[in-house]
Amino acid sequence: MTVTDVRKDIENLTLVLTNHFTAPVDRVWQVWADPRLLERWWGPPTYPATVVHHDLTPGGAVRYFMTSPEGEKYHGFWEVTAVDAPHSLEFDDGFADDAGRPNTDMPVSSARVTLVDDGTGGTVMTLTSTYTSAEDLEKVLAMGMEEGITLSLNQIDGLVAV
């Protein structure tokens, strides 16, 4: 398992997950940059993702859906705000309707991913999700976001193994 630290900070409206990989930064970046790799880990193992649009440029977007074991589809979106490949990525992350339009009844987070060489050729990846209110953060935590994203991130190991 790669997740080495999980911090929930209701006061600062953040959920921060830190991972360590033995793979180099460029290789770990590919799990974000390649939509077919992204599909293999974004979402809990029993809810595989299908990426239908992938543009990792500032102003670009990612559209996807996850399929439950019962066949239900849950749509999501990223609005990309900043990219410094292969070191960082920032995007607004939220739930969407079946047409891919943001669901304004659900929380949206501002996500920041950083990839840093650990000095041994491996990578420390930090994913920070910031919410606009404590209620929004508590809502996604109650929905199982912490467990879901931890399971998702732990799937990356096999994709970046050298």
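Begin by selecting Pro-86, which is found in the loop between β5 and β6; helices (H or I, at least four residues) and strands (E, at least two) are DSSP runs, numbered from the N terminus. A cis peptide bond joins Ala-85 to Pro-86, with omega at about 0°. The structure is a predicted model, in which local features need pLDDT of at least 70, side-chain atom pairs count only at pLDDT 80 or more, and totals for chains, interfaces and linings use all residues. Residues are numbered from 1 along each chain as its sequence is written, and side-chain values use heavy atoms, with hydrogens and water left out.

Next, select Leu-13, in the loop between β1 (3–9) and β2 (14–21). The phi of Leu-13 is near 65°, a positive value in a residue other than glycine. Most residues other than glycine have a negative phi, and most peptide bonds are trans.

Select helix α1, residues 25–33. Which residues of this helix are buried? They are Val-25, Val-28, Trp-29, Val-31 and Trp-32, where buried means under 20% relative accessible area, exposed over 50%, and partly exposed in between (1.4 Å probe, protein chains only). These residues lie on the same side of α1, because they cover an arc of only 145° around the axis; the arc is that of the directions from the helix axis to the C-beta atoms. An α-helix has 3.6 residues a turn, so residues three or four places apart point the same way.

Now display the largest nonpolar core, which has 38 residues. A nonpolar core is a set of buried Ala, Val, Leu, Ile, Met, Phe, Trp, Tyr and Cys residues joined through side-chain atoms within 4.5 Å. The residues with the most contacts inside this core are Trp-32, Trp-41, Trp-42, Trp-78, Leu-89, Met-125 and Leu-153. Helix α1 gives the most to the core, with five residues.

Centre the view on Trp-32, which is buried at a relative accessible area of 0%. Neighbours within four places in sequence being left aside, Trp-32 is in contact (heavy atoms within 4.5 Å) with Trp-41, Trp-42, His-54, Leu-56, Trp-78, Leu-89, Phe-91, Val-113 and Met-125.

**Aromatic pairs**

How many aromatic pairs does the structure hold? There are nine. Rings of Phe, Tyr and Trp (its six-membered ring) pair if their centres lie within 6.5 Å; planes under 30 degrees apart count as stacked, over 60 as edge-to-face and the rest as tilted. Trp-41 is buried, with a relative accessible area of 1%.

Then move to Tyr-47 and Tyr-74, a tilted aromatic pair with 6.2 Å from centre to centre and 50° between the planes. Tyr-47 lies in the loop between α2 (35–39) and β3 (49–54) and Tyr-74 in strand β5, so the pair ties together parts that are 27 residues apart in sequence. Tyr-47 is partly exposed at 28% relative accessible area, and Tyr-74 is partly exposed at 40%.

From this pair, select Ser-68, in the loop between β4 (61–67) and β5 (73–84). Is Ser-68 buried or exposed? Ser-68 counts as buried, at 4% relative accessibility. Apart from neighbours within four places in sequence, Ser-68 is in contact with Thr-46, Tyr-47 and Tyr-74.

**Salt bridges**

A search of the whole structure finds six salt bridges, each a side-chain nitrogen of Lys or Arg within 4 Å of a carboxyl oxygen of Asp or Glu. Three of these stops follow.

- Select Glu-90 and Arg-112, whose side chains meet in a salt bridge at 2.4 Å, N to O. This pair links distant parts of the chain, with Glu-90 in strand β6 (residues 88–96) and Arg-112 in strand β7 (residues 108–117), 22 residues apart. Glu-90 is partly exposed at 27% relative accessibility, as is Arg-112 at 35%.
- Select Arg-7 and Asp-5, joined by a salt bridge of 2.9 Å, N to O. Arg-7 is partly exposed at 46%, and Asp-5 is partly exposed at 29%.
- Select Asp-97 and Arg-101, which form a salt bridge with the closest N and O atoms 3.0 Å apart. Asp-97 is partly exposed at 26% relative accessibility, whereas Arg-101 is exposed at 52%.
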